[in-house]
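Subject: The structure we talked about

Hi there,

Here is the structure I promised to pass on. Have a look at it first, and then read my notes below.

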Amino acid sequence: MSLELRHLRTVCAIADAGSLTKAAAALGTSQPALTAQLQRIERALGGQLFARGRQGVVPTALGEYVLERSRLLLMGMDELVRGAAAHPQGEVRLGGVAGPILPGLIERLGDQVSSFTDDSPRLLCDLVAAGRLDAAVVADYREHELRPPTPLRCEVIAEEPVFIALPERHRLAVREEIDLAELAGESFVLAPPDGGGWPECFLLACVRAGFAPRTPHKASDGWVIREMVTAGGAVAPCRATFAESPGLVIRPLAGTPLTMRHLLVWHPDGAVAERSGEVRRLAAEIFAAHARERPRYVGWLGLRGESDDARPDRRRP
């Protein structure tokens, strides 16, 4: 089961009511139906969210974590909906995943821009389709290409390979390029599922390389990933433009088994439709400028006889 916003609202309603019976009444459903739904949510999250007792329900440690994150997500979504319903005339509403492209577009397009950031490409596409955003910068992966819902339009901004982040003292850090199979047995830090093909594409690449990866660590924050790798206990797949830092090195994977694409998605009737070519061009320039600051990525392109601008500007239908 894939978690949706309605499931998060259900978890919050149960916590607020303090009992499944009261929560069922507030949600307009039966107590058995709500119990069954909660069990499905708990299975999806991998643990019990509430401890049941005669006095009602109390969140477990996992439940407290899920509630905290759920309330933040729901608050952000509510703010987005309220803002989108009454956005000023002429304002461009942009969404995007984490990375340099969205902030760069905001700077280039001027003051009449509002923005919303989320890790889920599918959520961003749904918001564009619903008219809550005019366009979004999203990402997908080779063999897991995103198919935005009708009638959205989509065009590639840039492509980049997935590299590997290693502790500087790692035995393979001296290599210019690493075969993915050589990382069998390592502990990986993986970002959680984003609905756009990650981490499924990475797991598939590992299986093709002959091993099932150990993934004891999950983290979406770049700073946390960087610290976990630098500490020496793990390695992490990362964007080719992920910056090296003291104690951490970035290395290409031999044969480029993983490639990600940056995409511009827009609604044909939205405010960006007539400017989609300009916005895509600006986004490609922003990515190219960011990539030029990453020597490891520029060196990787050079080994393949490509200029540092060739891959960012490459288009695909």
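Of the 317 residues in the protein chain, 46% count as buried, where buried means under 20% relative accessible area, exposed over 50% and partly exposed in between, using a 1.4 Å probe on protein chains only. Before you go further, please note that this is a predicted model, in which local features need pLDDT of at least 70 and side-chain atom pairs count only at pLDDT 80 or more, while totals for chains, interfaces and linings use all residues. Residues are numbered from 1 along each chain as its sequence is written, and side-chain values use heavy atoms, with hydrogens and water left out.

**The overall fold**

The protein chain has eleven helices and eleven strands; these are DSSP runs numbered from the N terminus, with helices (H or I) of at least four residues and strands (E) of at least two. Along its principal axes, the C-alpha trace spans about 65 × 55 × 30 Å. Among contacts with a separation of 6 or more, 67% are between residues 24 or more positions apart, a contact being heavy atoms within 4.5 Å.

**Helix H9**

Helix H9 covers residues 276–292, 17 residues in total. From first C-alpha to last it reaches 24 Å, close to the 24 Å expected at 1.5 Å a residue; the expected span is 1.5 Å times one less than the number of residues. Which residues of H9 are buried? They are Ser276, Val279, Arg280, Leu282, Ala283, Ala284, Ile286, Phe287, Ala288, His290 and Ala291. As a reminder, an α-helix has 3.6 residues a turn, so residues three or four places apart point the same way.

Tyr141 is found in strand E5 (residues 135–141) and is buried, with a relative accessible area of 9%. Leaving aside residues up to four places away in sequence, Tyr141 touches Asp194, Gly196, Gly197, Trp198, Cys201, Thr259 and Met260. Tyr141 and Pro199 are 58 residues apart in sequence and 9.7 Å apart in space, C-alpha to C-alpha.

Pro199 deserves a look of its own: a cis peptide bond joins Trp198 and Pro199, with omega about 5°. Pro199 sits in the loop between strand E7 (187–190) and H7. Another cis peptide bond joins Thr150 and Pro151, with omega about 10°, and Pro151 lies in the loop between E5 and strand E6 (153–167).

**More from the loops**

The loop between E5 and E6 also holds Glu143. Its phi is near 70°, a positive value in a residue other than glycine, and Glu143 counts as partly exposed at 47% relative accessibility.

Thr256 has a positive phi as well, near 50°. Thr256 is in the loop between strand E10 (248–251) and strand E11 (259–266) and counts as buried, at 15% relative accessibility. Pro252 lies in the loop between E10 and E11 too, and is buried with a relative accessible area of 4%. Beyond four places in sequence, Pro252 touches Phe163, Glu176, Glu177, Ile178, Arg296 and Trp300.

On a 1 Å grid over the protein atoms alone, a cavity is a set of points where a 1.4 Å probe fits but cannot get out, and a pocket is an open set with protein on both sides within 12 Å along at least five of seven lines; lining residues have an atom within 4 Å of a point.

By this rule there is one cavity of 30 Å³ or more. The largest cavity holds about 50 Å³ of space, the volume being the space filled by probe spheres set on the points, which are joined across faces, edges and corners. Its lining is Val97, Ala98, Gly99, Pro100, Ile101, Leu102, Val137, Arg239 and His262.

The second largest pocket has about 190 Å³ of space. Of its 14 lining residues, Arg142, Ala205, Arg208, Pro257 and Leu258 lie nearest its centre. Helix H7 (residues 200–208) supplies the largest share of that lining, four residues.

Best wishes
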